[in-house]
Amino acid sequence: MEIVIKEVLSDKDLWKWIKFPNNLYKDNEYYVPFLANDEFETFTKDKNPAYAFCETRLFLAYKGDEIVGRIAGLINHAYNEKWNKNAMRYTRFDFIDDFEVSQKLFDTVVAWAKERGLSEIMGPIGFTDMDHEGMLVEGFEEFNMSITFYNYPYYLTHMERLGLQKDIDWIEYKITVPEQVDPRIEKISNHLIKKKGYDVVTYTDRKVLYADALEAFKIIDIAFSRLYGTVPLTPEIIKNAVDSYIPLVNLDYICSVKTSEGKIIGFGVLVPSIAKALKKSNGKMLPFGAVRMLKALKGKNDTLEMFFVAVDPEYQLQGVPAILISVLTKKIIENGVRYCETGPMLETNSAVHSMWRHFDKKQHRRRRCYIKNID
């Protein structure tokens, strides 16, 4: 039966596009769906401020009346300008194990790239570094995180047949929470706090956190600015992120470090895993999804997902990460958490890898961004 590619041009088709992976992975025990409402807003122009510097086109593949694949092509003008690139991005590339399907979807995005005069295609990678990125290439039998893609092993063969090559990898650690804070880390932390007069801030008031988070994201933007694929975070993107997360986060797992003058130089955010809640609710908020998510976020949870630990580059080599790790680890131990998952870390980012060198950890997943010249 002929494979037909159709562009997503209506909200009705967008919902079909969003829900396709849930059908593709309905029998897979390791797959965790994204929150459907979040995905809808991500690909709705008046909801996602990244559309100020991005363009997208979304496509579905049909075999008869059945949807058998999807893809999004994305032109990130801010990325191309910052890194002097001429690239098309692709993201949310999912398909049945049929090479004709993956090829037709991919070729459709490549055709758009050529129409726009672009010379390479890269992915899977989204709007900004805060979006999902990297195709799973190791760890297919590990329960996925709530913030990362899951895919079948056969995707790797399809990427190779499409002529895509590795550009860079991210790795992830599963860290076993220790019984006590490493004395070496605690010693460094206490010494710096006393010597430098740093103020360690934990939060009990979301209004205070909101104000600090807006400032902290500027530090995050600077700290991550040299990392692969990043683009500057605009004030609108920062506000959108803070508005989305502040009402939900568990305040126990957020910490900032300030100078004696009150300047934020370090910020750490860990979030109780909602992966199991999303799995049970199939990514839906109703009728019970919201209740399950709140229970996971606010109640007893043995696993945390590390959203980020960011330190102002001026202070990265001055031990500030040790302060964040010491403070957060104490709270994690106190609350009976057993595991922390780091989320994707660039394989080349030795600074962030070194933060976990004193912990009992296992590298359990690897993700990849592919690239191909299309001149």
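Reader: Lys263: buried, exposed or partly exposed?
Author: Lys263 counts as partly exposed, at 35% relative accessibility. Buried means under 20% relative accessible area, exposed means over 50%, and partly exposed is in between (1.4 Å probe, protein chains only).

Reader: Before we go on, what kind of model is this?
Author: It is a predicted model: local features need pLDDT of at least 70, side-chain atom pairs count only at pLDDT 80 or more, and totals for chains, interfaces and linings use all residues. Residues are numbered from 1 along each chain as its sequence is written, and side-chain values use heavy atoms, with hydrogens and water left out.

Reader: Back to Lys263. Which residue does it form a salt bridge with?
Author: Asp312. The closest N and O atoms of Lys263 and Asp312 are 3.6 Å apart. That pair links distant parts of the chain, 49 residues apart. Lys263 sits in the loop between β9 (254-258) and β10 (264-272), and Asp312 in the loop between β11 (303-311) and α11.

Reader: What counts as a salt bridge? And as a helix or strand?
Author: A salt bridge is a side-chain nitrogen of Lys or Arg within 4 Å of a carboxyl oxygen of Asp or Glu. Helices (H or I, at least four residues) and strands (E, at least two) are DSSP runs, numbered from the N terminus.

Reader: Asp312: buried or exposed?
Author: Asp312 counts as buried, at 9% relative accessibility.

Reader: How many salt bridges are there?
Author: The count comes to 24 salt bridges by this rule.

Reader: Which partner does Glu172 meet in a salt bridge?
Author: Glu172 meets Arg365, at 2.6 Å from N to O. Glu172 lies in strand β7 (residues 165-176) and Arg365 in strand β14 (residues 360-373), so the pair ties together parts that are 193 residues apart in sequence.

Reader: Are those two buried or exposed?
Author: Glu172 is buried, with a relative accessible area of 0%. Arg365 is buried too, at 1%.

Reader: And Asp13? Which side chain does it meet?
Author: The side chain of Lys16, in a salt bridge of 3.9 Å from N to O. Asp13 and Lys16 are 3 residues apart in helix α1 (residues 11-24), so about one helical turn separates them. Asp13 is partly exposed, with a relative accessible area of 21%. Lys16 is partly exposed as well, at 33%.

Reader: Which residues are linked in a network of salt bridges?
Author: Glu138, Lys166, Asp169, Glu347, Arg366 and Arg368.

Reader: New topic, helices. At what angle do α6 and α11 pack?
Author: At about 115 degrees, with their axes 8 Å apart. Helix α6 covers residues 183-196 and helix α11 residues 320-334. The axes are lines fitted to C-alpha atoms, for helices over the stretch in contact, and angles run from 0 to 180 degrees between N-to-C directions.

Reader: Which residues make that contact?
Author: From α6, Ile185, Glu186, Ile188, Ser189, Leu192 and Ile193. From α11, Val320, Ala322, Ile323, Ile325, Ser326 and Lys330. These residues divide into 8 nonpolar, 2 polar and 2 charged. Contact means heavy atoms within 4.5 Å. Ala, Val, Leu, Ile, Met, Phe, Trp, Tyr, Cys and Pro count as nonpolar, Asp, Glu, Lys and Arg as charged, and the others, Gly among them, as polar.

Reader: What is Ser326 in contact with?
Author: Leaving aside neighbours within four places in sequence, Ser326 is in contact with Val181, Ile185, Glu186 and Ser189. Ser326 is buried, at a relative accessible area of 1%.

Reader: Where is Thr329?
Author: Thr329 is in helix α11. Thr329 is buried, with a relative accessible area of 9%. With neighbours within four places set aside, its contacts are Pro178, Val181 and Phe359. The C-alpha atoms of Thr329 and Gln180 are separated by 8.1 Å, while the two residues are 149 residues apart along the chain.

Reader: On to α8. Which residues there are buried?
Author: In helix α8 (residues 235-245), Ile237, Ile238, Ala241 and Val242 are buried. Seen down the axis of α8, they fall within an arc of 130 degrees, so they line one face of the helix. The arc is that of the directions from the helix axis to the C-beta atoms.

Reader: What about the other side of α8, and what covers the buried residues?
Author: Pro235 and Glu236 are exposed on the other side of α8. The cover over its buried residues includes α7 (206-223).

Reader: Last one. Where does Val271 lie?
Author: In strand β10. Val271 is buried, with a relative accessible area of 8%. Val271 and Met306 are 35 residues apart in sequence and 6.4 Å apart in space, C-alpha to C-alpha.
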